[in-house]
Amino acid sequence: MDSETLEQVASADISVENRHYKVIGSRPIRHDGPDKVTGRALFGADIRMNGLLYGKVLRSPHAHARIISIDVSRALALTGVKAVVTNADLPTLESVVSRVGEGSINWRYLSSNLLAGEKVLYHGHAIAAVSAVNPHVAEQAASLIDVEYEILSPVITVDQAMRPDASILLDELRTNELGARGSTPTNIASHDQFQRGDLDQGFSAASVIVEREFTTSTVHQGYIEPHNATAIWGTDGQITVWTSTQGGHDARRQIAEVLQLPVSRIKVIPMEIGGGFGGKIGIYLEPVAALLSLKSGNRPVQMTMSRFDVLAATGPTSGSVIRVKMGAAQDGQITAAQVSLAYAAGAYPGSPVGSAMSVILNPYRIANVQVDGYDVVTNTPRAAAYRAPGGTNAAFAAESVVDELANKLGIDPIDMRLINGIKEGDRRVDGPISRRVGYIETLERARSSPHYLSALSSPSSATCKVGRGVGSGWWGNWPGGTSSVSVVVNNDGTVNLIEGSTDIGGSRVAMAMMLAETLGIQASDIKPMVVDTDSVGYNDVTAGSRTTYSTGIAVHKAGLKIIHEMCERAAQLWNVDPGTIDYADGVLTSGTNHIGFKELARKIGDGDGNVVASVSISPNGEGVALATHIVDVEVDMETGKVQILRYTAIQDVGTAIHPAYVEGQLQGGVAQGIGWALNEEYVYDAQGHLLNGSLLDYRIPTALDLPMIETVLVEVPNTTHPFGVRGVGEVPIVPPAGAVANAIANATGLRMTILPMSPRHMLEAMWAQAK
Amino acid sequence: MQAFEYIPATTVNEAIAILHQQGDQARLISGGTDLIVQLREGRRKPKIVVDIKRIPEVNQLSYNLIDGLTIGAAVPCYKLYGSAVIKETYPGLIDAASLIGGVQIQGRATLGGNLCNASPAADSIPALIAHNAIAVVAGMNGERHIPVQDFCTSPGRTQLEPDEMLVSIQVPAPRAHSYGAYLRFTPRNEMDIAVVGVGVWVALDDTRVVITAARIALGAVGPTPLFVNEAGASLVGQPIGSQAIEKAALIAQLAAKPITDMRGSAEQRRHLVAVLTRRALDSAIARASA
Ligand SMILES: Cc1cc2nc3c(=O)[nH]c(=O)nc-3n(C[C@H](O)[C@H](O)[C@H](O)COP(=O)(O)OP(=O)(O)OC[C@H]3O[C@@H](n4cnc5c(N)ncnc54)[C@H](O)[C@@H]3O)c2cc1C
């Protein structure tokens, strides 16, 4: 095969409809499975080494205060204590904003989030850290650090923060008002807008208009593994960090920026990761552990967070206030929509309001729209990405209003969405022209699903009511970023696949399957491995539903390079022109000569130079994802408790590489979305103390709160990926809160405008309605 | 967590002697499902932890028609529902014992620990009060009996002196046609703390039409579990039916002194007291009339 044919193969592969695959679509055992189920898999907190010290963090007991002084002398005097670090040990940084992961970060703010500078901005904000011979001594020492505060009044919600007389978090902050810098101190970091058509005209063409305001609580990703980092600052100045991260290279870059060191001085070893959902993109402990190591005679230092630390100081995504006004004509056409979203960014600017502005109306074709978004700082932890950042609350608001319009017009909720749903060639509310997407297909499959065709079950008791709701969701995905892989053919015919995309959702097996499909061999003959940042080219984070898409393209390309090289080797063997060789299903043929992949690999052995390939790419495709969900609920009218009876998630998944893990992504997204819908919320007192910083009182759904979640995979291949992949991991969390709200409205007539729709909020809504 | 010394006691006297010497520096451990969490979070900092699980008296679990049920202070929940006769005779206690935590927690957690931990939201205490249970307590000066309804004095505090320990809980033998029930409300279906808990016990006459005795106790609506004598008393002599039940529920509701916290609001709790009292009474009466 010559390079020209190679290119043709590559582009020919992009016509993906109706392809028959051998490996893709099957369900092999994942390569990391046995280690995970036997407990052998190594997570960051499993690291043990000679001379290991333990670090603990002192955290702020106040939501908002100026630090007057920090006295570490009592801590340092304690036997067993090695070092203390504070913000004074970090370099002073310029205020520079860079892209990190899917979002952006101001390095100065990242640094003062690691260890507070002049001010603490939320309950749990890190102030100082201690290293000691064991965790107990470190903990005791942290409590011996004396901090003097000037306590300031906190702002917890966006409403409080946006008041003209609100207490100001960041003295230097000015509103970025549609690109222009404001002149007065504020908590509103930015105001963005997009607008099209004529709102007045659109609303006057409507025969029904619904206008509502929605409030949603701060919620956490709820990954089971707490953050951890182990670091050695070597005597040679080289830093090695073992950590739980969604991207080794991104972690390296952040560590380098806050310590003002070149990236070559830092090696990050990403360990197995017990969940991230966006919350393990930003760093928290890594540079602190490194500095402690430096100050502790270069001994390794390990830091692990408690559950309280995780809830109080990492993660959460924005609480929000969202206003939606939408009008529709008698035939169901949405004629106009006006939306405003205010998202709490936490202590520093950077809420996901930008993506929320797209999510909120993008499933629909609407000619007259205005969307306003506000990014607002509050005395809560700095918001981090959380699975389809900003999407769940946005869709809760929009999907509730679409449902209400449908009800008012007497149109079935699925028909309402079919009338307005976005198709190829339509202009999206956020601007671009839509490519081929499978939204209409999800709606049609929803309408013909056994779930939608079935009757509602009868209530389990006289005090209960049952109802059904539908909700849709759009998510942009991030079909870009850089992915780098290396492939090595071993002399026994197996293949090492070396990648840097940390595996959170089973991506190793998906990568192995795509390489196996490309090479025409078995997935079990591929050995996929995620390596440290020194051992592979740059990889952007595993986030934004990008990994199977982008790294998948890199893997495919590397596979094609391997085929090319194998053809060269066979040509040498047979003394023929490489162009005469045909490669299919793992067999090379030229005339009467033929040889299998494995046999050729054995023949090549190690003596003649290995067959290897490295690829680094930065695709710029597209691959938005859409989903429609159906849910049945039962509401106990006396207690306000909502029980999920049945749930079906229908999603355009492009091509399901490993269907079991795609189904798992859908089910996981729904489970988390139901958490948003029913019980998850940060509870603060008036002084801004987090009251429910434990998994006992921060109520993530348990197995008993969820039914078996049914999934329907609609495969509309993405034309920008060789195997038709689109990201699948995020969009399933977008529809649930809206779908559940619609089911509650269907059961009770009650239109919930607050998340979570907890028993308490349900009762309060019922009482308000009864008044 | 602060380092501590661990002493497994083998007799009641040995345990009491350590408590007597060490005062509040020592803490007993039964299942440890409250204590270990408190130690790890630094909420308690004893120097000595005395394990009582090797003491024979606190491991007894016995039932007969005359003395009723004796639950040693270290008997884990799973043993209660593992006994067919206890399950049949005291379903109201089983309601509570099978709610605490989950299967794993119930393998360790004890009713004794639940009582001595004295959480206002403890699940077994309203059920024990409804069943008129007595705490058998040992100290330097011998044994004394404290009705469970008087045992807790404020959140985390009990009538126990620093050198006293709970040995067992005595539950009276059941009268004819009498049964209990315990219900709690939680937003999640497991792994949650009661927003409100209601324990009830009712006895019916031989015709199973008239209520002859009743006791009602509430959890999570006051600084301690609350025994609401008037609510039970209002049922005595009444024929079973919604009118009497509504009235008892209303009295219970008025007796509740709930607060607003991260687990629920005061209004929500007051409302739930009535709902759960009704439902618990329905359940106990159904059991007693069967
Ligand atoms: C995950 C989880 C879920 C839980 N869910 C629930 C729930 O749903 N409902 C609920 O009510 N509780 C719950 N709990 C709390 C706890 O499990 C119960 O209170 C349990 O009954 C305590 O029993 P224990 O034997 O483990 O007590 P321990 O922890 O051993 O002791 C509790 C306290 O009592 C003292 N003590 C123990 N024995 C004696 C004695 N003989 N004399 C004097 N003092 C004594 C101890 O010093 C300690 O202060 C939960 C706990 C966990 C960890």
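This is a predicted model: local features need pLDDT of at least 70, side-chain atom pairs count only at pLDDT 80 or more; totals for chains, interfaces and linings use all residues.
**Legends to the close-up views**

View 1. The C-alpha trace of chain A extends over about 90 × 75 × 55 Å along its principal axes. Its secondary structure consists of 21 helices and 31 strands. Chain A has a radius of gyration of 27 Å, close to the 28 Å that the globule rule gives for 771 residues, and is therefore as compact as a globular protein of that length.

**View 2. Burial, surface and contacts in chain A.** Of the 771 residues in chain A, 63% are buried. The accessible surface of this chain amounts to about 27,100 Å², and carbon and sulfur atoms contribute 50% of that area. Among contacts in chain A with a separation of 6 or more, 79% are made by residues 24 or more positions apart.

**View 3. The largest nonpolar core.** In soluble globular proteins, nonpolar side chains tend to be buried together. The largest nonpolar core of the model holds 101 residues, and the members that touch the most others are L341(A), I360(A), L361(A) and M757(A). Helix α12 of chain A, spanning residues 391–409, gives the most to this core, with ten residues. Apart from this core lies another one of 53 residues, which includes V58(B), Y90(B), I125(B) and Y182(B).

**View 4. Surroundings of I360(A).** When residues up to four places away in sequence are not counted, I360(A) touches I322(A), V324(A), V339(A) and L341(A), together with A394(A), A397(A) and A398(A). Both I360(A) and L341(A) are among the core residues that touch the most other members.

**View 5. The cis peptide bond at P756(A).** L755(A) and P756(A) are joined by a cis peptide bond, with omega at about 0°. P756(A) is located in the loop of chain A between strand β31 (754–755) and helix α21 (759–770).

**View 6. The loop residue H177(B).** H177(B) is a residue other than glycine with a positive phi, near 50°. The loop that contains H177(B) runs between β10 (165–171) and β11 (178–185) of chain B.

**View 7. The loop residue R208(B).** Although R208(B) is not a glycine, its phi is positive, at about 60°. R208(B) occupies the loop between β12 (196–204) and β13 (211–219) of chain B. The relative accessibility of R208(B) is 30%, so this residue counts as partly exposed.

Conventions: Residues are numbered from 1 along each chain as its sequence is written. Chains are lettered from A and ligands numbered from 1 in the order in which they are written. Side-chain values use heavy atoms; hydrogens and water are left out. A nonpolar core is a set of buried Ala, Val, Leu, Ile, Met, Phe, Trp, Tyr and Cys residues joined through side-chain atoms within 4.5 Å. Buried means under 20% relative accessible area, exposed over 50%, partly exposed in between (1.4 Å probe, protein chains only). Helices (H or I, at least four residues) and strands (E, at least two) are DSSP runs, numbered from the N terminus. Contact means heavy atoms within 4.5 Å. The radius of gyration is taken over C-alpha atoms; the globule rule is 2.2 Å times the number of residues to the power 0.38. Accessible areas come from the Shrake-Rupley method with a 1.4 Å probe; for residues, only the protein chains shown count as cover.
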